[in-house]
Amino acid sequence: MFRFFNLLILISFFSYSQNSQDIESQIKSIYDHSLKKGKSYEWLEHLSNQIGGRLSGSLNAERAVQWSKEEIESLGLDKVWLQPVMVPKWVRGNFEYASIESSTGNSINVNICALGGSVATPNRGIRSEVVEVKSFDELKDLGVNKIKGKIVFFNRPMDPTKINTFSSYSGAVNQRTEGAEQAIKLGAIAVVVRSMNLSNDDFPHTGSMYYGSVKLKDRIPAAAISTNGANLLSSMLKLDPKLRLFIKQNCQNYPDVLSHNVIGEIKGSEFPDKIILVGGHLDSWDLGDGSHDDGAGIVQSMEVLNQFKSLGIKPRHTLRVVLFMNEENGLRGGKKYAKIALKKGENHIFALESDAGGFSPRGFSFYSSDSEFEKIKSWEKYFKPYFVNEFSRGGGGADIRPLKSGGTILAGLKPDSQRYFDYHHSSNDTFEAVNKRELEIGAATMTSLIYLVDIFGF
Ligand SMILES: [Zn+2]
């Protein structure tokens, strides 16, 4: 009897270690394949250089929809389709212009860009004195007397001491999203916001801004100024508080237009009704090519399904790639997808998003129950050889967040974040800014996680 039990333990240990070795070697083959034969970099070249920036509602966004649909069709998936979604349409118009005009009559040009959703300046532009603030509290303390008729300059930098730069971003971005709404209350005539960038350079960074409940006729123009421009303006204001800033932009909002989420899937062999989703967002801002944000996430997500097909891994669960439209200025694609999934009663057991740049992957963050996280955490060991070490609690990504209410486990790829905000929403977010190996290792890391979810299930 005793011997029999010993034998059983030995057998189960042996089969477990075999199993574990099989997993390790399968994961190794995923990384090898991604680095030697992966398609992600070639796809990104096309998306960035042949299509380029693809703001929702633009012709380029539609070109990206058509191109990505054709590419995922060529992978030989079981089903590929477009999901219609109405998206906002905002256009930048001509390039923006700004200059600092000192009281001695000299003027210096500074780089600005309109914030997404902003109204235009009058044709003749806006010329006014400037009030610099670091926070909404400071703005309120100054009050109507000091703000009325002026341009408010929000100049609180991203905190450089935070190692996770997304935390620095969260700590500064309300100036961009809500600055205009707050300044309108005190009679400001425009806002200029320091770019969400940890580097000092000449690139202005755009991004969404919202007017809240402010009526159309009361809205004021909102622009971002480069970090170098912000530093210059701030130092000049100290010498000459009466200086004036001239800004001109002619962006415009149009009625919503029809666009699409692009979806493809491989049917599960054992659990066809349980869906594992991987995705990113297909739209981008218009200044650069959106190569990091979120071209990288798009091609990595496509690569996950390509790897399953190329390596002959037959998923037990249905594996679905979703290229979401309109994350940047509306999240309409993510909301529409979740709404339809809930309505159809689809069971998404797991969703992974890549939307934090194409840099070296460091880990994942997960939104799940404690027991689910414990299970996921036990897979961390498989990623050690690839320097992917950080499995933490947190969110997934903006596009998959609406699936939360359906009980889906959410995951987000966490690449190294030190350089991300050098490029985020700016004209230097181009193909050259993405490193081939880093992109491919990220794609392999995502594929490996999806592979583990598929074999262990939830
Ligand atoms: Zn993004």
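Reply: In sorting lining residues, Ala, Val, Leu, Ile, Met, Phe, Trp, Tyr, Cys and Pro count as nonpolar, Asp, Glu, Lys and Arg as charged, and the others, Gly among them, as polar. With these classes, the lining of the second largest pocket divides into eleven nonpolar, eight polar and two charged residues. The model examined here is a predicted one.

The second largest pocket has a volume of about 410 Å³. Its lining comprises 21 residues, and those nearest the centre are Trp90, Gly117, Ser118, Arg219 and Asn253. Two strands, S1 (79-91) and S10 (252-266), each supply at least two residues of this lining.

A total of 42 residues line the largest pocket, and Phe166, Asp355, Ala356, Gly397 and Arg401 lie nearest its centre. Two or more lining residues come from each of helix H5 (165-170), helix H6 (174-184), strand S14 (361-367) and strand S16 (409-415). Strand S16 gives the largest share, five residues. By class, the lining of the largest pocket holds 14 nonpolar, 16 polar and twelve charged residues.

Leu352 touches Ala411, Gly412 and Leu413, among other residues. Leu352 is also one of the residues that touch the most other members of the largest nonpolar core, a set of 61 residues. Helix H12 (residues 436-456) contributes the largest share of this core, eight residues.

Terms used. Residues are numbered from 1 along each chain as its sequence is written. This is a predicted model: local features need pLDDT of at least 70, side-chain atom pairs count only at pLDDT 80 or more; totals for chains, interfaces and linings use all residues. Side-chain values use heavy atoms; hydrogens and water are left out. A nonpolar core is a set of buried Ala, Val, Leu, Ile, Met, Phe, Trp, Tyr and Cys residues joined through side-chain atoms within 4.5 Å. Buried means under 20% relative accessible area, exposed over 50%, partly exposed in between (1.4 Å probe, protein chains only). Helices (H or I, at least four residues) and strands (E, at least two) are DSSP runs, numbered from the N terminus. Contact means heavy atoms within 4.5 Å. On a 1 Å grid over the protein atoms alone, a cavity is a set of points where a 1.4 Å probe fits but cannot get out, and a pocket is an open set with protein on both sides within 12 Å along at least five of seven lines; lining residues have an atom within 4 Å of a point. Grid points are joined across faces, edges and corners, and a volume is the space filled by probe spheres set on the points. Lists of a residue's contacts leave out its neighbours within four places in sequence.
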